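Take a moment with the sequence and the model below.

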Amino acid sequence: MRTLWTSNTPGIGSTKPESPVEHSGKTTSAGRKFKQFTLPPILRRNSKSNSHVSFPDVPNTSSLIAAPQKELLTFEQNLERNRLSAAGQQLIDREEHLYGRISEVVQPTTEREKEKEQLARDRKALLSHIDLAVKSSLSPDKDRLEALKSAVKAILQEEEQDRRWLKQESKQPFWRPSECRRHHDTVIQSLVEECMVNAELPPKESNKLRSSLQRDICGKGRRLQEDLLMVVKDVKGCYPEDMDICNLYGKMYHQAFSAGMRKIAEYGLDMIDCSYLLHWVNVAYPEILQNLELTKAINPEALGKLLTEELTTHLENQYLTHQETEVQTLINKVLHVEEQAWREGSVPELRDNCYFSPLAIDVIQFVHAAFESVETVLGDTSKVQMIACLLKDFLNSYKKFQEKVLQGSNNRNSRTVIMANLSCVEQFRDYIVKKADLFPVDIKECCLSIVADMKNCGYRYLTSPIHKDLKSQYRSLGTPIWLEKKHVFEKLLEGINKHTQDVMGLTDSCHQELLSQLHLEVTVEYVRRLLKRKIKLRDKEMQEQAARSVWEDGQRLNQLFTEAVRIHVHGRAHTHTHTHRRITLRLFSQGSREEWLSDILARIAEVLKLQDISSIQLEIVTLGQAYPDLRLNCHTSYSHKLLLHNTVAM
């Protein structure tokens, strides 16, 4: 029951209720009696005597009266429960009371000073709790985020109070401005530095790395990645957007990681550790920052590089020089071994009836490994030019070695060495074409030019003996005997077929290349013999006969080269009475690629049938432009000879 205490003294202005008054029976020290004021029955909602009375216009407040009051906590209680924003607001209210104009009551100076001292101590306790909440941001504690949210709100309250005091002319507390935001950033920096110093890898992963330096770098990088992801996923939601907390953490972690990397780079690093550090600077760390979750909240461009440009350049040059020296040593050793074997008369190994040299495989392996290493460590294919230049220099040396082999043709193994190395030349060409993006344009063109020269020289070396042996058959071409007797060209075809079958030891692709080269050279020789004018076409019938022979020869020559068959002897089969030689015939499905050469002789045949001089001239010029490989334009008397033949015929 709610009661009001009133005095019965006339001088005080007592109130006489209309309802009976209950006397408390109490007296004051002066002997005055007070009587307790009790609500009249009509106002008592639970009074039985007035239960019939209703008040339709009076709202029922029983539910409001029954609702529990919000608990008011003291500063210490708020602090204990990590309700830091509420605790901070309490201190701000006390600060306004002691230093502002809220209180009109003049307190004794001593009492006010004591309150100020207590306020300072409480502020210190609050800031300590705020620091602890910020430092616990990255801990696994589930309740840390609620505490952090309250701490951030308290910091913003402090910042607002700082701004209010700046507008006041009165003397402000000695702790103003508190600069809580700045202090908050310092705490985060300290937290990040501590996390990076204590970063360690799990033992299972740590054992995979070769040195303590690598474990240190990888541990710091792993911790940076995990913590920044936690900031983006969890911590970000505790801060207002304008505080840009993710970029703040990103900056702090970047600075801490950068400082650690600079310290490591100042040591005398061996090449393995140097390349590992450069890999993190150029590849691994940028990949972390490009994580899709991180890029939504952190701007990697604003962070910059881990190391200064000067220090990075120094380490990269050190690394590239080492790579250059190592690769050059390895590939030069491969060439030295090849040359030494040739000088000693060693015959290349036979694999699947083909002469084999590991030179190209080894060199390409070393060069490509260097390419990949540079790209992995530096993250930039444009910096592999030094390695590309090494390959160019090697190919020049390789070409000189081939020239020595060609000049020393008396060596019994020179022919087999050339065969083995033609396959190597082909492998180099294919690699350069396939990996063209790794080569600067000028270096690529130079390398391709070198291997093209080596290929042509090698195949000419193999075809020269064939042409020498076929010289007697070549002499009959374009003569009356050739025109009258078909066996002349038949003998030439037989000789070519025999030689192509005797060329053993080339890979399928090199054999196809040889057939293409020989096809071209035989066709050129055929045309050259026709140009010698050893036969005069006196009438139209002879012209048509010559045209028909040239056309047929072209078709048969093309068929021979494009449908070549290779014979390989794989071994001997034995029975109880005889030993049989086992021969396996294998159709070489990819003959000469120069099928267009058949069109040359067909068009020459058409020229031979022409009667109009201007038409002959035009056709000759057209032929020369269409087939520059035959060098028809170099034969200045070609047109004159054909004109002479046709003039006589007319």
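Two packed helices are described by the angle between their axes and the distance between the axes. Keep in mind that this model is predicted.

Now find helix 13, residues 359-378, and helix 15, residues 414-434. Their axes come within 8 Å and cross at roughly 25 degrees. Angles under 35 degrees count as roughly parallel. Helix 13 and helix 15 are therefore roughly parallel to each other. Their crossing is right-handed.

Which residues of the two helices meet? Helix 13 brings Leu-359, Ala-360, Ile-361, Val-363, Ile-364, His-368 and Phe-371. Helix 15 answers with Cys-424, Gln-427, Phe-428 and Tyr-431. By class, this contact has nine nonpolar residues, two polar ones and no charged ones.

Next, move to helix 12, residues 309-343, and look for Gln-323. Is Gln-323 buried or exposed? Its relative accessibility is 9%. Buried means under 20%, so Gln-323 counts as buried. Set aside its neighbours within four places in sequence, and Gln-323 is in contact with Ala-370, Ser-373 and Ile-387.

Finally, step back to the whole protein chain. It has 24 helices and seven strands. Of its 650 residues, 43% count as buried. Take the contacts with a separation of 6 or more: residues 24 or more positions apart account for 71% of them. The accessible surface of the chain comes to about 37,500 Å². Carbon and sulfur atoms hold 50% of that surface.

How values were computed:
Residues are numbered from 1 along each chain as its sequence is written. This is a predicted model: local features need pLDDT of at least 70, side-chain atom pairs count only at pLDDT 80 or more; totals for chains, interfaces and linings use all residues. Side-chain values use heavy atoms; hydrogens and water are left out. Axes are lines fitted to C-alpha atoms, for helices over the stretch in contact, and angles run from 0 to 180 degrees between N-to-C directions. Helices (H or I, at least four residues) and strands (E, at least two) are DSSP runs, numbered from the N terminus. Angles under 35 degrees count as roughly parallel, over 145 as roughly antiparallel, 65 to 115 as roughly perpendicular and the rest as oblique. A crossing is left-handed if the near helix is turned anticlockwise from the far one by less than a right angle, and right-handed if clockwise. Contact means heavy atoms within 4.5 Å. Ala, Val, Leu, Ile, Met, Phe, Trp, Tyr, Cys and Pro count as nonpolar, Asp, Glu, Lys and Arg as charged, and the others, Gly among them, as polar. Buried means under 20% relative accessible area, exposed over 50%, partly exposed in between (1.4 Å probe, protein chains only). Accessible areas come from the Shrake-Rupley method with a 1.4 Å probe; for residues, only the protein chains shown count as cover.
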